Amino acid sequence: VSLARSERTRLVTVTGPGGVGKTRLVLEVARRVAGDFPGGVVFVPLAAVSDTALVLSTVADALGARREATADVLEAVRATIGDERTLLVLDNFEQVTAAAPDVAALLSLAPALVVLVTSRQVLRIRSEQQVHLGPLPDDAAMRLFADRAAASRAGFVVDDTNSAAIAEICRRLDGLPLAIELAAARIRLLPPDAMLARLRDRLDVLGSGPVDLPARQRTLRATMDWSYGLLPPPEQSLLARLAVFSGGWTLAAAEAVCGRPTGPPTIDTLSALLDDSLLVPAGGTPQEPRLDMLETVRDYAAEKLAGSDDDIETGRRHTEWVLAMFDPAVHFRAAEFRPALDRFNAERSNVRAAVQRSVDAGERDVAARLIRNTLGFMARR
Ligand SMILES: Nc1ncnc2c1ncn2[C@@H]1O[C@H](COP(=O)(O)OP(=O)(O)OP(=O)(O)O)[C@@H](O)[C@H]1O
Ligand SMILES: [Mg+2]
């Protein structure tokens, strides 16, 4: 917090392995220092941006910079910021590390700008100050486990009979918050002793596994394998399919894209995954709540999807869902335009993901249809 407030700070990069709490930390810092930034605090999730060339324009959009198609994006951003202190939060920069020079350029052009980044690696820019986020201290790790376990099984408490096992579980999980959450969510099925025994098997096996991954990443990977392995098959396949979404989804979207005629209803499987901490609530409206996955979980789920025979079908259904949602005819029906525009704004990352997928697959006419159906919204937002 004091680093973000300091007049001399220009760029702070919070680094650390997946699931260590980088996003949570910067959101909390941003909330606390908001008052010091009259120009505002702007949060830009970059997880869905895979093309480094799009980083600047994503930032410009998030800032609400007005720009003509031909205008210089950097200049538009500079003009929007002006000389009011503004905090820009760039989340998951590791996706787009090659865009670091763009951040450097922004910083030198806009002296009122302070940038807070989360990334698994540093950006290597001159004014950068790095904050490396390590594991949770033992007592905080125990508290996190206790909280999450109590949320999963009412009445769960840490006492003399289980505290040694829980301390050992947290230690085995390297104090990694995401790993602890995934484990604690299983308390209904596995009391601490049994959980420790199973985790030990997993982690010991992995201890002799690939050594090219840093230790903590291996621990998280093993914990995810463990958590995934405990899921019944319909939950495993739904989790994998949900990786097609970008920026979250609604229940209706999950049903349309990931539902299959056989097996349990999608809504039941979704709530089971939510209970297991594999999904997280992600805003939306009370009528239409949204769900999402933490980035590390999505990477894992995407791997499972890519390795399954469901990959192409799920991608195709995601694209069809986007196409169906943005029928170009709504531009001529006044009453439908506003709701469609709101929907477009909520689903922008999904639209982008569908366009990217069709471009990658060389499906030029699908890409063209997607762009044709959504162009009107892009121009109007
Ligand atoms: N200090 C903490 N206390 C309690 N929960 C925490 C703490 N730090 C992180 N968490 C929880 O751990 C999970 C992972 O945190 P977060 O998403 O911030 O990790 P991350 O480092 O941003 O991961 P990624 O690299 O995948 O983006 C979240 O559910 C978060 O709420
Ligand atoms: Mg994060």
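Biologist: What should the 13 residues of helix α17 span at 1.5 Å a residue, and how far apart are its end C-alpha atoms?

Modeller: The 13 residues of α17 (residues 348-360) should span 18 Å, and the end C-alpha atoms are 18 Å apart, which agrees; the expected span is 1.5 Å times one less than the number of residues. Helices here are DSSP runs of H or I with at least four residues, strands are runs of E with at least two, and both are numbered from the N terminus. This is a predicted model, in which local features need pLDDT of at least 70 and side-chain atom pairs count only at pLDDT 80 or more, while totals for chains, interfaces and linings use all residues. Residues are numbered from 1 along each chain as its sequence is written, chains are lettered from A and ligands numbered from 1 in the order in which they are written, and side-chain values use heavy atoms, with hydrogens and water left out.

Biologist: Which residues of α17 are buried?

Modeller: Those are N350, V351, A354, V355 and S358, where buried means under 20% relative accessible area, exposed over 50% and partly exposed in between, with a 1.4 Å probe and protein chains only. They cover an arc of only 140 degrees around the axis, which puts them on the same side of α17; the arc is that of the directions from the helix axis to the C-beta atoms.

Biologist: Switching to ligand 1, which residues come nearest?

Modeller: Of the 18 residues around ligand 1, the nearest are G19, K22, T23, E181 and T296, a residue being counted if one of its heavy atoms lies within 4 Å. Helices α2 (22-33), α8 (177-184) and α14 (295-306) each supply at least two residues of that shell.

Biologist: Which polar side-chain atoms lie by its oxygen atoms, and at what distance?

Modeller: A polar side-chain atom of E181 lies 2.8 Å from an oxygen atom of ligand 1, and one of N92 lies 3.4 Å from an oxygen atom of the ligand, where a polar contact is a pair of N or O atoms within 3.5 Å.

Biologist: Is α8 mostly covered or open?

Modeller: Mostly covered, since eight of its eight residues are buried, E181 and P177 among them.

Notes. A polar contact is a pair of N or O atoms within 3.5 Å; within protein, one must be able to donate a hydrogen and the other to accept it, and residues adjacent in sequence count only if both atoms are side-chain atoms.
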